[in-house]
Amino acid sequence: MHLIIYDSLPAWFVFTFQSDTRTFHFYVRKDVAEKQSQRLRNSPIVSHFRDTLRIDDLLSPFHSEFGEFFGFGEAIRKAGESLCFLHFEARVPDVITKTGLCTKCGGKGEMEDGMKCHYCSEGVAYTYNWHDAYALCASMNLLFMLMDEGFLATPGMSPGFDQLCGVTTCVVADRGGFDLGGQFGEKFVDWLCRVEAHPSVMSAIRESLSRLYISLMHLGTESYLSIDDHQTRVDIDDGYLTITVPGDAACIHADRGRSRTNEGYSFYSHNIDHPGQQITLLAGLGLLQGQYLKDLGIIHL
Ligand SMILES: [Zn+2]
């Protein structure tokens, strides 16, 4: 049994996030993709997700292998491949559909008494459409599950850097149903200790996450979320990472029980209630992994 926290293992899976196009990039080592490609065929978890999340069978057929698509519908699609990796990508879907002008306030955004209209956003009526976000979260859940082992590299398949992290997600349409956790490897934690000293990198990542959450959840700005704990934050303290998103103390946080400096640690989450929060936190992990690879001089995988 090989564990990311204690063992230096050549990377088999890494994901990054591209802010300008709101896109996740997943890189799966080819030998691992081949080994895991049959695992989800006829798996009961697929029908479980269909039933509990109401993921439409016709709109979103399930792809169990690492072919043109992976997961539900076209949530995760193949984008290319290199010597070591298959490259997949996933655009973050809109969860808000605008339905026209608000009929309650006539599109003014405020009621006759001058109070802000509570039925719309600045005069525009909208409705939530969680289907595509559920399909993406469920597809990522299954991808992370297939990648959640300590794989040894077959000869010729070592990408030149260690596995950075492992992630496990929860996808249940209920309060607290989108919690996540995982582990960071030793090299990644070493890097977190160093990047902590570069506030410009941290603030750029925070800005990207804030913009993502605002666009995803169709908020005007984050400014009205005046309570400190209700804003997006990225904090690193002695290598221990915390990413906070709007919500009720919604965050991922570190298990601070690291006994030696040359090991990684586990992380957990608190009060992650919906896909918007989970996707934003995963984007944060993606941005950090992308920055790590950039600092390592790895531009293309
Ligand atoms: Zn209105």
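1. Six strands form an open sheet in the order S9-S10-S14-S13-S12-S11, with antiparallel pairing. Strands here (E, at least two residues) and helices (H or I, at least four) are DSSP runs, numbered from the N terminus. Two strands pair if DSSP finds at least two bridges between them. Strand S9 (165-169) and S11 stand at the edges with a single partner strand each, so one side of each has no neighbour in the sheet. On average, neighbouring strands of this sheet are turned by 15 degrees against each other, direction ignored.

2. This is a predicted model: local features need pLDDT of at least 70, side-chain atom pairs count only at pLDDT 80 or more, and totals for chains, interfaces and linings use all residues. Residues are numbered from 1 along each chain as its sequence is written.

3. Within this sheet, 3 bridges join S12 to strand S13 (residues 250-254), and the two run antiparallel. Ile243 has Ile252 in S13 as its bridge partner. H5 packs on the sheet, touching S11 and S12, and its direction makes about 150 degrees with that of S11. H6 also packs on the sheet, touching S9, strand S10 (180-184), S11, S12, S13 and strand S14 (265-270); the direction of H6 makes about 145 degrees with that of S12. Axes are lines fitted to C-alpha atoms, for helices over the stretch in contact, and angles run from 0 to 180 degrees between N-to-C directions. Contact between two residues means that their C-beta atoms, placed from the backbone, lie within 7 Å.

4. Which residues of H5 are buried? They are Ile205, Arg206, Ser208, Leu209, Ser210, Leu212, Tyr213 and Leu216. A residue is buried if 20 or more other C-beta atoms lie within 10 Å of its own, exposed if 12 or fewer, and partly exposed in between, with C-beta atoms placed from the backbone. The buried residues of H5 pack against strand S11 (233-237), strand S12 (240-245) and helix H6 (275-295).

5. Another open sheet of 6 strands has the order S1-S2-S6-S5-S4-S3, with antiparallel pairing. Strand S1 (13-18) and strand S3 (62-63) stand at the edges, each with a single partner strand, so one side of each is left without a neighbour in the sheet. Helix H3 (residues 131-147) packs on this sheet, touching S1, strand S2 (23-29), S4, S5 and strand S6 (85-91).

6. S1 is mostly covered, with 5 of its 6 residues buried. S1 and S2 pair in the antiparallel sense over 6 bridges, and the partner of Thr16 in S2 is His25. Their hairpin has 4 residues between the strands, and Arg22 takes a positive phi near 55 degrees there.
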